[in-house]
Amino acid sequence: MNLKLATTATGSQSTNPNPNEGGKRQTVDLGNGSEVVFITRFLSLEDSWKWFDYLNKEIPWIRPTIRVFGRSCLQPRDTCYVASAGLPELSYSGYQPHAYSWDDFPPLKDILEAVHKAFPGSSFNSLLLNRYKGGNDYVGWHADDEKLYGSTPEIASVSFGCDREFLLKKKPSKMSQDKRVEGEPPSKRSKKSNHSDQHLFTLKHGSLLLMRGYTQRDWVHSVPKRAKAEATRINLTFRLVL
Ligand SMILES: O=C(O)CCC(=O)C(=O)O
Ligand SMILES: [Mn+2]
């Protein structure tokens, strides 16, 4: 399997001058205009625990029924949705979450401000929150490619609590399916790019991972079940609804 561990990937690294984002920023070029930026220690441990406790207690978490491949099932994690007023409604897997206001949960505005500071060129106006109550909770392979995010969505993902693995896998490409060079062996074709087609990031307490460019068009991502991940994890994905 051609899997790259984020910690060993040869992305560019630089020291982040903002002490709240302590340490390293790693940029991973996924190829063809897709990119991930990863900051392991984005928030201090102290702030991260403060926010974890707040979110765990104060967010009105629900576990909705969704539709997957034509069947109703309980979403395998808790969720909540926050968005600026007047935006088109979000709908996924046959479920339309209620949009809470940023004013309902003021600490979320502080986290959003920290994300905007780290990525001054980016702008986010909505937030999907997820709570994984243990290793049986997960999110399956998907792309956040809903129309309301446009063609190149930027998604900033902040994690609190239990470490979980975040996997990225390239969608089967039209090129390899449709436009094979006649007579060329598959082994030769697959060596043409030195970009890996799978990546793994361990999303730790206080980390930030940003997906941008064509990542949602060309890649899928997941947080799989992990028997040993017993503790609760909370994840915030900031998005821009156009
Ligand atoms: O929990 C995570 O790290 C990812 C969540 C996610 O992919 C989503 O909410 O769309
Ligand atoms: Mn997602």
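A residue counts as buried if 20 or more other C-beta atoms lie within 10 Å of its own, as exposed if 12 or fewer do, and as partly exposed in between, with C-beta atoms placed from the backbone. The views below come from a predicted model, in which local features need pLDDT of at least 70 and side-chain atom pairs count only at pLDDT 80 or more, while totals for chains, interfaces and linings use all residues. Residues are numbered from 1 along each chain as its sequence is written, and chains are lettered from A and ligands numbered from 1 in the order in which they are written.

**View 1. The protein chain and its confidence.** The protein chain has 5 helices and 15 strands; these are DSSP runs numbered from the N terminus, helices being H or I of at least four residues and strands E of at least two. Of the 242 residues in the protein chain, 29% are buried. Two residues are in contact if their C-beta atoms, placed from the backbone, lie within 7 Å. Among contacts between residues at least 6 apart in sequence, 77% join residues at least 24 apart. The average pLDDT (the predictor's confidence in each residue, from 0 to 100) is 88, and 83% of the residues score at least 70. The pLDDT is below 50 over residues 1-11, a stretch with 23 contacts in the model beyond near neighbours in sequence. Residues 176-182 also have a pLDDT below 50, with 2 contacts in the model beyond near neighbours in sequence. Where pLDDT is low, predicted coordinates should not be read in detail.

**View 2. Alanine 83 in strand 7.** Alanine 83 lies in strand 7, which covers residues 78-83. This residue is classed as buried because 21 other C-beta atoms lie within 10 Å. Leaving out residues up to four places away in sequence, alanine 83 touches Ala99, Asn125, Ser126 and Val241. Histidine 98 is 15 residues from alanine 83 along the chain, and their C-alpha atoms are separated by 9.3 Å.

**View 3. Tyrosine 132 in strand 8.** Tyrosine 132 belongs to strand 8, which spans residues 126-132. Tyrosine 132 has 25 C-beta neighbours inside 10 Å and therefore counts as buried. Its contacts, not counting residues up to four places away in sequence, are Arg77, Asp137, Arg164, Thr232 and Arg233. The C-alpha atoms of tyrosine 132 and isoleucine 234 are 6.3 Å apart, although 102 residues separate the two along the chain.

**View 4. The shell around ligand 1.** A residue is near a molecule or strand if its C-beta atom, placed from the backbone, lies within 6 Å of it. The residues around ligand 1 are Leu128, Asn130, Val139, Asp144, Ser157, Phe166, Leu203, His221, Val223, Asn235 and Thr237. Strand 8 (126-132), strand 14 (219-223) and strand 15 (233-239) are the elements that give two or more residues to this shell. The shell holds 5 nonpolar, 5 polar and 1 charged residue. In this count Ala, Val, Leu, Ile, Met, Phe, Trp, Tyr, Cys and Pro are nonpolar, Asp, Glu, Lys and Arg are charged, and the others, Gly among them, are polar.

View 5. Helix 1 (residues 45-58) has 14 residues, which should span 20 Å at 1.5 Å a residue, and its end C-alpha atoms are 20 Å apart, in agreement. The expected span is 1.5 Å times one less than the number of residues. Ser48, Trp51 and Leu55 are the buried residues of helix 1. Down the helix axis these fall within an arc of 70°, so they line one face of helix 1; the arc is that of the directions from the helix axis to the C-beta atoms. The buried residues of helix 1 pack against helix 2, strand 10 (155-161) and strand 15. Leu45, Glu46, Lys57 and Glu58 are exposed on the other side.

View 6. The 13 residues of helix 2 reach 19 Å from first C-alpha to last, close to the expected 18 Å. Its buried residues are Leu108, Ile111, Val115 and Ala118. They lie within an arc of 80° seen down the axis of helix 2, and so line one face. Pro106, Lys109, Asp110, Glu113 and Lys117 are exposed on the face turned away from the buried side.

View 7. Asparagine 32 is not a glycine, yet its phi is positive, about 50°. It sits in the loop between strand 3 (24-31) and strand 4 (34-39). With 16 other C-beta atoms within 10 Å, asparagine 32 is partly exposed. Serine 93, also a residue other than glycine, has a positive phi near 45°. The loop that holds serine 93 runs between strand 7 (78-83) and helix 2 (106-118). Serine 93 is partly exposed, with 14 other C-beta atoms within 10 Å.
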